[in-house]
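Please look over the sequence and the structure below before reading on. The text then goes through them step by step.

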Amino acid sequence: MKKFVISARPKQILKNFVIFIPLIFTLDQWSINELSSILANSFLCFLALSSASIIGYQANDLIDKKFDKKHPSKKLRPIPNINNVKTVLSHIVNLFLLLYF
């Protein structure tokens with residue numbers, strides 16, 4: 001699981017907090033009753049965007065695995081070092097199914 005977290009590139013996912021910028025600048029326009037649903041929707045949007053970016057990073061690493069093995073810094077990533085790609089894919093799918101339900 002540690003390898004999955006590393007290959008998900010958590011530093012890149014920090015960019016997804018941009019979802020909350022419009023909410024912050026328009027807080028004065030929302031009533032207290034609407035705010036909880038807006039916060040929930042914004043959080044779900046953040047999770048969806050983060051999941052999509054993680055899937056994109058994982059798919060890119062799997063596609064470029066043979067090229068990344070030759071690259072000086074990319075060869076240190078977890079996916080180019082894994083021999084059994086099916087195991088990685090099953091972990092990724094299981095994690096996102098768990099998050100979905």
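The paragraphs below go from the whole chain to single residues.

This is a predicted model, in which local features need pLDDT of at least 70 and side-chain atom pairs count only at pLDDT 80 or more, while totals for chains, interfaces and linings use all residues. Residues are numbered from 1 along each chain as its sequence is written, and side-chain values use heavy atoms, with hydrogens and water left out.

The protein chain has seven helices and zero strands, so its elements run α-α-α-α-α-α-α from the N terminus on; helices (H or I, at least four residues) and strands (E, at least two) are DSSP runs, numbered from the N terminus. The mean pLDDT of the protein chain is 77, and 68% of the residues score at least 70; pLDDT is the predictor's confidence in each residue, from 0 to 100. Among the elements, α3 has the highest mean pLDDT (89) and helix α6 (residues 78-81) the lowest (64).

The accessible surface of the protein chain comes to about 7500 Å², and carbon and sulfur atoms hold 69% of that; such areas come from the Shrake-Rupley method with a 1.4 Å probe, and for residues only the protein chains shown count as cover. Of the 101 residues, 28% count as buried; buried means under 20% relative accessible area, exposed over 50%, and partly exposed in between (1.4 Å probe, protein chains only). Of the contacts (heavy atoms within 4.5 Å) with a separation of 6 or more, 57% are between residues 24 or more positions apart.

Helix α4 has 32 residues and reaches 47 Å from its first C-alpha to its last, close to the 46 Å expected at 1.5 Å a residue; the expected span is 1.5 Å times one less than the number of residues. Its buried residues include Ile38, Phe46, Ser50 and Ser53.

What does Ser50 touch, not counting residues up to four places away in sequence? Ser50 touches Ile13 and Asn16, and Ser50 counts as buried because its relative accessible area is 7%. Asn16 lies in the loop between α2 and α3 and is buried too, at 8% relative accessibility. Leaving aside neighbours within four places in sequence, Asn16 is in contact with Phe46, Leu49, Ser50 and Ser53.

Val18 is found in the loop between α2 (10-13) and α3 (21-25). Val18 is partly exposed, because its relative accessible area is 47%.
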